[in-house]
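Trainee: I am new to this structure and would like a close look at one part of it. Could you take me through it slowly, and then show me how it sits among the rest?

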Amino acid sequence: MFIYNFDQDEPSKWLTGPTRSNGYPSGSEPFGFKRKTRNTPSRRTSCTGSTGPCRGQKGSTSDGYYYAEASGVATGSQYKLAYIGADCAGGLIGQLNFWYHQYGTYQGVLALVNALGEVVFTNSGQSGDVWHQ
């Protein structure tokens, strides 16, 4: 079984689109995700603001997570975070568990797409200021 924990440094086995060091998108779509601890740039100060988490899923400000900063980006823009499958026997993943946080007025659609291009999970819009599994 392969387990990846985003509390670690940025992984070499994940691919993402162009992102500036401050987390804001750069270049063209699909834009990238950025690893972060504490609050997102849109959150501005710890646990105040109107969008994004202020800490990781475990509740500590040292917990790592990946986020897509969408402030100032056109509605409907796409972001991508893809696993290259290096640690999967035969390239197959039998099960995937993950946590997500969609907080803010203008949340888009989170979609999990498998290697065949099939959408296997979606969530749309505001989901409250909590992490969901």
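In the hairpin of strand 6 and strand 7, which residue takes a positive phi?

Mentor: Happy to. The residue is glycine 117, whose phi is near 85°. Most residues other than glycine have a negative phi, and most peptide bonds are trans. Before going on, please keep in mind that this is a predicted model, in which local features need pLDDT of at least 70, side-chain atom pairs count only at pLDDT 80 or more, and totals for chains, interfaces and linings use all residues. Residues are numbered from 1 along each chain as its sequence is written, and side-chain values use heavy atoms, with hydrogens and water left out.

Now to the hairpin itself. Strand 6 covers residues 109-113 and strand 7 covers residues 119-124, where strands are DSSP runs of E with at least two residues, helices are runs of H or I with at least four, and both are numbered from the N terminus. The two strands run antiparallel and are joined by five bridges; strands pair if DSSP finds at least two bridges between them. Five residues lie between the strands of this hairpin. You can follow the pairing residue by residue: alanine 111 has threonine 122 of strand 7 as its bridge partner, and leucine 112 stands opposite phenylalanine 121. Strand 7 is also where confidence is highest, at a mean of 93, while strand 3 (residues 34-36) has the lowest, at 83. These values are pLDDT, the predictor's confidence in each residue, from 0 to 100.

Tyrosine 100, by contrast, is buried at 13%. Here buried means under 20% relative accessible area, exposed over 50%, and partly exposed in between (1.4 Å probe, protein chains only).

And the rest of the protein? Its secondary structure comes to zero helices and seven strands. Three of the strands make an open sheet with the order 1-5-2 and mixed pairing. Strand 1 and strand 2 stand at the edges with a single partner strand each, so one side of each has no neighbour in the sheet. Strand 2 and strand 5 pair in the parallel sense over two bridges, and glycine 32 has lysine 80 of strand 5 as its bridge partner.

The loop between strand 1 (14-16) and strand 2 (31-32) holds proline 25, which is buried at 9% relative accessible area. Leaving aside neighbours within four places in sequence, the contacts of proline 25 (heavy atoms within 4.5 Å) include Phe31, Glu69 and Tyr79. Phe31 and Tyr79 are also linked with Phe33 by ring pairs into a cluster. Proline 30 is in that loop as well, and the peptide bond from glutamate 29 to proline 30 is cis, with omega near -5°.

To finish, here is the overall picture. The protein has 133 residues, of which 26% count as buried. The mean pLDDT is 81, and 81% of the residues reach 70 or more. Of the contacts with a separation of 6 or more, 57% come from residues 24 or more positions apart.

Notes:
Phe/Tyr/Trp six-rings, centres within 6.5 Å; stacked < 30°, edge-to-face > 60°.
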